[in-house]
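The sequence and the coordinates are shown first.

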Amino acid sequence: MVSAAWARLGAPVDPIIDIDSTICEVYGPDKKGAAFGYTKVRGYHPQLATLAGTNEVLAVKMRAGNATSGKDGADFATTAVARARCAGATGTFLVRADSAFFHYKLIRRLFDEKVLVSAGM
């Protein structure tokens with residue numbers, strides 16, 4: 001879907017990709033994968049990758065509610081970058097993330113992909 005829109009409107013140059021996680025509360029104990037996490041509510045804890053300034057979602061990874069924020073963040077961030085490149089984005093990529101994603105594996109993998117990183121601490 002993103003590649004079709006970018007083919008028509010023009011793909012971003014020098015994209016900024018924001019990655020973060022969120023809590024999606026659910027009700028009822030029968031929801032598969034729902035669990036209690038640090039917020040003490042039953043739900044899911046998906047990761048999201050968006051293109052800054054456009055509200056375009058590049059990737060979503062559904063996870064159990066008790067997953068830590070940065071779990072598998074390196075895989076998720078490199079997948080989001082790969083999807084953006086495949087859809088036509090060019091130039092210098094920047095991935096922004098909060099402190100939950102700040103760890104050596106993520107930084108190393110993105111640097112190996114020639115992607116700049118801004119992670120809060």
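The sections below treat the sheet, the helices, the nonpolar core and the salt bridges of this predicted model.

**The sheet**

The strands form an open sheet of five, in the order β6-β5-β1-β7-β8 and with mixed pairing. The edges are taken by β6 (56–61) and β8 (116–119); each has a single partner strand, so one side of each is left without a neighbour in the sheet. From one strand to the next, the twist averages 20 degrees.

In general, strands of a sheet pair through backbone hydrogen bonds, in either the parallel or the antiparallel sense. Both senses can be followed across this sheet. On one side, β7 (residues 94–97) and β8 are parallel and share four bridges; leucine 94 has leucine 116 of β8 as its bridge partner. Elsewhere, β1 and β5 run antiparallel and are joined by five bridges, with aspartate 20 opposite leucine 48 of β5. Five bridges also join β5 to β6, again in the antiparallel sense.

Within α3, the residues Leu106, Ile107 and Leu110 are buried. They cover an arc of only 95 degrees around the axis, which puts them on the same side of α3. An α-helix has 3.6 residues a turn, so residues three or four places apart point the same way. The buried residues of α3 pack against β1, α2, β7 and β8. After α3 comes lysine 114, which has a positive phi near 65 degrees.

In soluble globular proteins, nonpolar side chains tend to be buried together. The largest nonpolar core of this model has 23 residues, of which Ile17, Ile19, Ala49 and Leu106 touch the most other members. At least two residues of this core come from each of β1, β5, β6, α2 (73–86), β7 and α3. The most is given by α2, with six residues.

Leucine 106 shows how these elements meet. Leaving aside residues up to four places away in sequence, leucine 106 touches Ile19, Gly73, Ala74, Ala77, Phe101 and Val117.

**Salt bridges**

The count of salt bridges comes to five. Three of them are listed below.

| Side-chain pair | N to O distance |
|---|---|
| Aspartate 18 and arginine 96 | 2.5 Å |
| Lysine 61 and aspartate 72 | 3.4 Å |
| Glutamate 113 and arginine 85 | 3.5 Å |

Why does the pair of aspartate 18 and arginine 96 tie together separate parts of the sequence? Aspartate 18 lies in strand β1 and arginine 96 in strand β7, so the pair joins parts that are 78 residues apart in sequence. Aspartate 18 is partly exposed, with a relative accessible area of 21%, and arginine 96 is partly exposed at 34%.

The salt bridge of lysine 61 and aspartate 72 links distant parts of the chain, eleven residues apart: lysine 61 is in strand β6, and aspartate 72 is in the loop between β6 and α2. Lysine 61 counts as partly exposed at 26% relative accessibility; aspartate 72 is partly exposed too, with a relative accessible area of 33%.

For glutamate 113 and arginine 85, the positions are the loop between α3 and β8 and helix α2, respectively, so the pair ties together parts that are 28 residues apart in sequence. Glutamate 113 counts as partly exposed at 39% relative accessibility, and arginine 85 counts as partly exposed at 32%.

Note on methods
Residues are numbered from 1 along each chain as its sequence is written. This is a predicted model: local features need pLDDT of at least 70, side-chain atom pairs count only at pLDDT 80 or more; totals for chains, interfaces and linings use all residues. Side-chain values use heavy atoms; hydrogens and water are left out. Two strands pair if DSSP finds at least two bridges between them. Axes are lines fitted to C-alpha atoms, for helices over the stretch in contact, and angles run from 0 to 180 degrees between N-to-C directions. A nonpolar core is a set of buried Ala, Val, Leu, Ile, Met, Phe, Trp, Tyr and Cys residues joined through side-chain atoms within 4.5 Å. Buried means under 20% relative accessible area, exposed over 50%, partly exposed in between (1.4 Å probe, protein chains only). Contact means heavy atoms within 4.5 Å. The arc is that of the directions from the helix axis to the C-beta atoms. A salt bridge is a side-chain nitrogen of Lys or Arg within 4 Å of a carboxyl oxygen of Asp or Glu.
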